[in-house]
Structures are given as C-alpha cells and as structure tokens.
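Colleague: I would like to go through this model with you and ask what stands behind the labels. Please set each value against its criterion.

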Amino acid sequence: MKLEQLQKVQTGFLNTPIHELKSISQKYKTKILIKRDDLTGFALGGNKLRKLDYLVKDAINNNCSVLLTYGGPQTNHGRLTAAAAVRFGLKCGIIMDGIPPEKASGNIVLDKMMGADLFFMDDSNFKSCPRDVYKQKYTALKQKTTSEVIKMYEEKGEKVYPIPVGGSSEIGAAGYIMAVKEILNQLKEKNEKVDYVVTGFGSTGTFGGLYLGAKYYDAPFEIVGISVSEKTDEDLQEKVDYINKVSKYFDLGIDVKYEDIWVEGGFVGNGYNIPDEETRKYIYEMAREEAIILDPCYTGKTYRGLIELIKNKKIKEGSTVLFLHTGGVPGIYSNEHLEAMQNEIWNGEKKVFKL
Ligand SMILES: Cc1ncc(COP(=O)(O)O)c(C=O)c1O
C-alpha cells in the first residue's frame, strides 16, 4: 500500500497550532515550541484522532458498524474512538483492563456520555504470576473476551472493526507519518527550524509514525520518545519490529534498528498511570507559566523528560525543540489523580467571607 493512496476521513480539526512557550523557553534558555494536538477538537481532543482518521475510513470501507478497541480504564484512545464513532454514525466498544471502578471519573465519564459500551477483563487471578506467564494468560483472556464481545455484536447484526490498543496498527501509524508533513509545512511558514521533536512513547504509533515520517520526508529533526511505562529490551524490540512492519506496509524503504531509536526510560515515575509527585511538579509548572494543562499519565511525563534532557544537556544547548502535546487532559479528573492532587492544590487557601 502506498502512503499517498491511503484514504482518510476527518475525525478532528487539523492543522493543530504550533506556538512558542515563551516563559518556559526563557526559564530553560532553550527555544521550546509546542504543537497542540490536544486541540484536535472533539471530546476534549488528543493525538488519537490523527490515527482514527485512517482507521475509521478503513472501517467504513469494510462495511463495519462497530469500532472495538482496548485500553486501561482511563484510555484516551478509547475516549477518542468513542468520539470518532459518534461522528461517523458507528457504535463503539472498549475492552478495558481490570474491573469496573466503583465511581466513574475522567475518561470513563466521557465514554459513557458518548454512548460507548465498556467491557472489563479481570486479571486478578493471575496478576502476581511471573511476567512471561502473566503475558500468556493476559493474551488468552484478551482473545476470549474479544471473541465473546464480537459474537455479542454479531448476534445483533453488527460488523466489528477491531482496533489495537492505542490505535497503533500499520494504518493507524499513518496519522503521525502525515503529521510530519504538516509540521514541516508549518515550520516553513513560520521560518522556524527545529532540532528535536519530543513526544510521549506508549503503544508507539505516535513515535513510530513521527520517526518514519521524519525519515521519509527528510526532516531535519530527531524524534525523541519519552516512555510512559517500564519497558524491557524485549518490549522495545517489539516496538522496533512494529515500526518496521509499518515501514514495510507502506513500502517506505526504511529499515529501523534497535539502536537507531531514541527512547528515554527514566521518567516513568511510579509506573504507568500511577500518580507521581515529580511529574505533577512539571504539570503545575506548565500550568503556571503557560496556562497549558498537561496530563499525569503521558504529557506530564513527556514534558518532565524534555526539561531534564535540557538540564543534563542530552538536548544540545542552543537548539530548538518542538514538544508534542498529545492530549490526555481528562486524566486530571480521574479519581486516582484528583485524590493525589488534593493536598497540593487545596491546602488552606479556602478563605471564606461572611457578612
Ligand atoms: C495523551 C496521550 N499521549 C501519548 C500517548 C502515546 O501515544 P502512542 O500510544 O501512540 O505511543 C497516548 C496513548 O494512549 C495518549 O493517550
């Protein structure tokens, strides 16, 4: 499949703006621009709509009526899949890890508002197994859940289009390959040159798309991924394999090796989506310096990584950086993160006046 032949719909608003973070740039003596993929528009926006542009078109071309995807209970990708389904008259099912939380919050509230069906995979009876056994059992549970959910929809006369976690299939990655073209055009218009594009690194469609796009369009910048969860060498090799699969699918002629990609693993904090004080310090900084809201699971960590790379000079002095804001803001309103923030932001300033 040639990249140029791939069809898409428009699930969100593009192009997203690029602007300078003036106060932060001054503070860290490095020019930092931000690309606002948090402003893609629908259901509070985020990076996944770029992938869904291509995935929804493929679903429609295959006469599918249900978008079925996966994620943690606070999946932003799930929320935006629900949004894309609403916009194109489709149904949405989200298969989530774990058991249903007692109280709906954050993304789950929005999923339900948009009419998505939520299903849960309870892994509690094998959670403490060694990693390889856990992986095996998790895969079996996922297969079983998927086939039962698909059967349930098919019995109602629906046709399901499965979308992998994070929308990171070959087709989904096209969203961020094409985003490079958009970035290059915008930088040209602004007469800006960027040395690094810094993005969160999760299911890898975003990083992988940007990486391949940068090579394919001969961009003058490096792509830096900030991992949002612990990753072993084996996990990273799987990500490299995925990027190579995307390259092959679109016949890009780019061969990626493990040592080619720049992924930083030191800013995960306490683990995937676990509240973390250090990340929050950076979230507050961005809010107070720039009135831009980051999220605790992805963009807070990515921004922390970016600033620490500037401080330890892995990002070269005098360079210009483009920070990709990938969205995720509803995570701020999830039970666990709200709880973690209470003592820090709600501590004795509650002045009340009475007559
Ligand atoms: C807000 C946000 N940023 C970044 C990412 C990471 O993107 P990817 O999964 O493509 O690596 C995600 C993925 O869910 C996300 O929701």
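This is a predicted model: local features need pLDDT of at least 70, side-chain atom pairs count only at pLDDT 80 or more; totals for chains, interfaces and linings use all residues.

Colleague: What are the strand and helix names based on?

Modeller: Helices (H or I, at least four residues) and strands (E, at least two) are DSSP runs, numbered from the N terminus. The chain comes to 11 helices and 10 strands.

Colleague: Which hand does the unit of β4, α4 and β5 have, and what makes it so?

Modeller: β4, helix α4 (residues 106-113) and β5 form a right-handed β-α-β unit. The term applies if, with the strands pointing away from the viewer, the path from the first strand over the helix to the second runs clockwise.

Colleague: Which strand joins β4 by six bridges?

Modeller: Strand β3 (residues 66-71), which runs parallel to β4. Tyrosine 70 stands opposite isoleucine 95 in β4. The chain passes from β3 through α3 to β4, and that β-α-β crossover is right-handed as well.

Colleague: Why is β4 called mostly covered?

Modeller: Five of the seven residues of β4 (residues 91-97) are buried. A residue is buried if 20 or more other C-beta atoms, placed from the backbone, lie within 10 Å of its own, exposed if 12 or fewer, and partly exposed in between.

Colleague: How many residues of β7 are buried?

Modeller: Six of the six residues in β7 (residues 196-201) are buried. Six bridges join β7 to strand β8 (residues 222-227), and the two run parallel. The chain crosses between them through helix α7 (residues 205-216), in a right-handed β-α-β crossover. Three bridges join β7 to β10 (residues 320-325), again in parallel. Valine 197 has isoleucine 223 as its partner in β8 and stands opposite leucine 322 in β10.

Colleague: What surrounds the ligand?

Modeller: A shell of 20 residues, the closest being Asn76, Gly202, Tyr298, Thr326 and Gly328. A residue counts as near if its C-beta atom, placed from the backbone, lies within 6 Å of the molecule. α7 gives the largest share, three residues, while α3 (76-87), β7 and α7 each supply at least two.

Colleague: How is the shell divided by class?

Modeller: There are three nonpolar, 16 polar and one charged residues. Here Ala, Val, Leu, Ile, Met, Phe, Trp, Tyr, Cys and Pro count as nonpolar, Asp, Glu, Lys and Arg as charged, and the others, Gly among them, as polar.

Colleague: Why is alanine 43 called buried?

Modeller: Alanine 43 has 26 C-beta neighbours inside 10 Å, so it passes the limit of 20 or more. Alanine 43 lies in the loop between β2 (31-36) and α2 (48-61), and its phi is near 50°, a positive value in a residue other than glycine. Most residues other than glycine have a negative phi.

Colleague: Is asparagine 273 buried or exposed, and why?

Modeller: Asparagine 273 is buried, because 22 other C-beta atoms lie within 10 Å. Asparagine 273 is in the loop between β9 (262-264) and α9 (277-290), with a positive phi of about 60°.

Colleague: Why is isoleucine 18 called partly exposed?

Modeller: Isoleucine 18, in strand β1, has 19 C-beta neighbours inside 10 Å. That count falls between 12 and 20, so the residue is partly exposed. Beyond its neighbours within four places in sequence, isoleucine 18 is in contact (C-beta atoms, placed from the backbone, within 7 Å) with Leu33, Ile34, Lys35, Gln186 and Lys190.

Colleague: How do you know that the chain agrees with a compact globule?

Modeller: The rule is 2.2 Å times the number of residues to the power 0.38, with the radius of gyration taken over C-alpha atoms. For 355 residues a compact globule would have a radius near 20 Å; the chain has 20 Å, so the two agree.

Methods: Residues are numbered from 1 along each chain as its sequence is written. Two strands pair if DSSP finds at least two bridges between them. Two residues are in contact if their C-beta atoms, placed from the backbone, lie within 7 Å.
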